[in-house]
Amino acid sequence: MSRRAVDAIFQALFNLSDLRALMRETAPDHAMDDEQRQRAATYIEKTKRQIAIVEEELIR
Amino acid sequence: MKCAIDIDVRDVEELFINIDPIQAGGRLTPDAMKAAIAYGDGYSVCDACQKPFRLDYIKKPPIAQFHTDLAEWLNMDQVRVVPGARRGFQAVASTYVEKGDPVLLTSLAHYTEFIAVEQAGGIPREIPKDEKNHITPDAVAARIEDVIDEFKRAPPLMFLDHVDYQYGNVHDAKAIAKVAHQYDIPILLNGAYSVGIMPIDGKDLGVDFVIGSGHKSMAAPAPSGLVATTAEHAERVFRTTRSKGDITARTFGIKEVEMMGCTLMGVTVIGMMASFPHVRERVKHWDTEVARSRRIVDALLSIEGTRVLSDYPRTHTLTRIDTRNSFDKVAEVHKKRGFFLSNDLKKRGITGVIPGSTKVWKFNTYGLTEKQADHVANAFVEVARENNLSVS
């Protein structure tokens, strides 16, 4: 059992939920201002980090 | 894209600006989306349910505290969460209305209020609206007198829609509650279009029950809602069961009759809880929401022939509009008939107007950003110009 992997899966989904909310906030054209682009970059980066943990725990 | 066999992903909110009249206040917050991911399993909130085995006593997750916080926020004494506002109406009507009792509701009342009265065996009596589509204290007093003449007794309950679903008009609940109380009639405030989007103070309004809808105005999954009441009425509407099995002699402790034991389990209550801090904050910004609503309504009114049927200037984000002399004139000759409007809006990334509607229709601007509100306002004007309607 890997608690760390389970936490990372949830955290990745939560980060993607924040990204989803940003898509709602910027619908319909999703043209983002600087602050929104920065938030998008942060959510994506955080998601990547969580996916890396999942990989490390479950596959490698 | 599918999320499961034969079930499409619902990506309406991600791809469009949605101005559907009933959906605006129920869109989930990001925290509620996260809660839905974590608490989707059926009995997910029941892991730490201990004696006396009732939902509103669960401490982890903090459902008990949520009940306390909700009551305080509405300035009422007790709250229960229920599966939708309609189940709140049902609980109160079932408690207060006996077979054959007259029950007051208004000519703008939602159908679920009629059904709650019918289910309890009551006889609905409507209070007429005035020429401005308002329920006035004078009309309430007059109707109470009529009912007393007819039934030889006062109604045991009155329903009032704080904001009616037809026009989105805000009614003078405080003055109306005062009239009802002069006749000792308890008053239920249907806050489906107010609780969760605008500030509500139940004690200040002087109402006996405040009913809210989670999925309509509290950024919560469906079906969810709340029923709040004063200490005076709590004991009656939240009475506990006295049932006893005649063979087994079983009794059922503190389960509440009108709540059917536990009420709002799993993702619905957790979604409501997750959104609550945001909801508590967002009601403070009601003026901004109304200002955006006004901007869009004014854009529509700049199109010759268009009339607003709701109060003007707007005091709510739900609006009923009459375009029989503008967009409907286009529909008469357009090759897509009445569907041109929803089609043209959809091309501009806007959804929520019933396809084919060009006569009298409703929309709700709640929750739009500044940029989205501008986009919607401009889109209506552009569609009008493209179809040779005059814009001032």
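**View 1. B:Lys216 sits in helix H9 of chain B.** Helices (H or I, at least four residues) and strands (E, at least two) are DSSP runs, numbered from the N terminus. Everything here comes from a predicted model, in which local features need pLDDT of at least 70, side-chain atom pairs count only at pLDDT 80 or more, and totals for chains, interfaces and linings use all residues; side-chain values use heavy atoms, leaving out hydrogens and water. Residues are numbered from 1 along each chain as its sequence is written, while chains are lettered from A and ligands numbered from 1 in the order in which they are written. The UniProt record, an unreviewed entry, lists B:Lys216 for "modified residue: N6-(pyridoxal phosphate)lysine"; its positions are given in the numbering used here, feature names are shortened, and annotations may be inferred rather than shown by experiment. With a relative accessible area of 16%, B:Lys216 is buried (under 20%; exposed is over 50%, partly exposed in between; 1.4 Å probe, protein chains only). Not counting residues up to four places away in sequence, B:Lys216 touches B:Ile22, B:Gly25, B:Gly26, B:Ala192 and B:Tyr193, a contact being heavy atoms within 4.5 Å.

**View 2. B:Gly214 belongs to helix H9 (residues 214-217) of chain B.** B:Gly214 is buried, at 0% relative accessibility. Its C-alpha lies 4.6 Å from that of B:Ser224, ten residues apart in sequence. Beyond four places in sequence, the contacts of B:Gly214 include B:Ala219 and B:Met272. Have a look at B:Ala219 too, in the loop between H9 and S10 of chain B: its phi is positive, about 50 degrees, although it is not a glycine. B:Ala219 is buried, with a relative accessible area of 0%.

**View 3. Helix H11 (residues 266-282) of chain B bends by about 45 degrees at B:Phe276.** The bend is the angle between axes fitted to the seven residues ending at a residue and the seven starting there. A proline, B:Pro277, follows within four residues. Twelve of the 17 residues of H11(B) are buried, so the helix is largely enclosed by the rest of the structure. Among the elements that its buried residues pack against are H9, strand S10 (225-229) and helix H12 (286-301) of chain B.

**View 4. A cis peptide bond joins B:Tyr312 and B:Pro313, with omega about 0 degrees.** B:Pro313 lies in the loop between strand S11 (307-308) and strand S12 (318-322) of chain B. In chain A, a cis peptide bond joins A:Ala27 and A:Pro28, with omega about 5 degrees.

Methods:
The expected span of a helix is 1.5 Å times one less than its number of residues.
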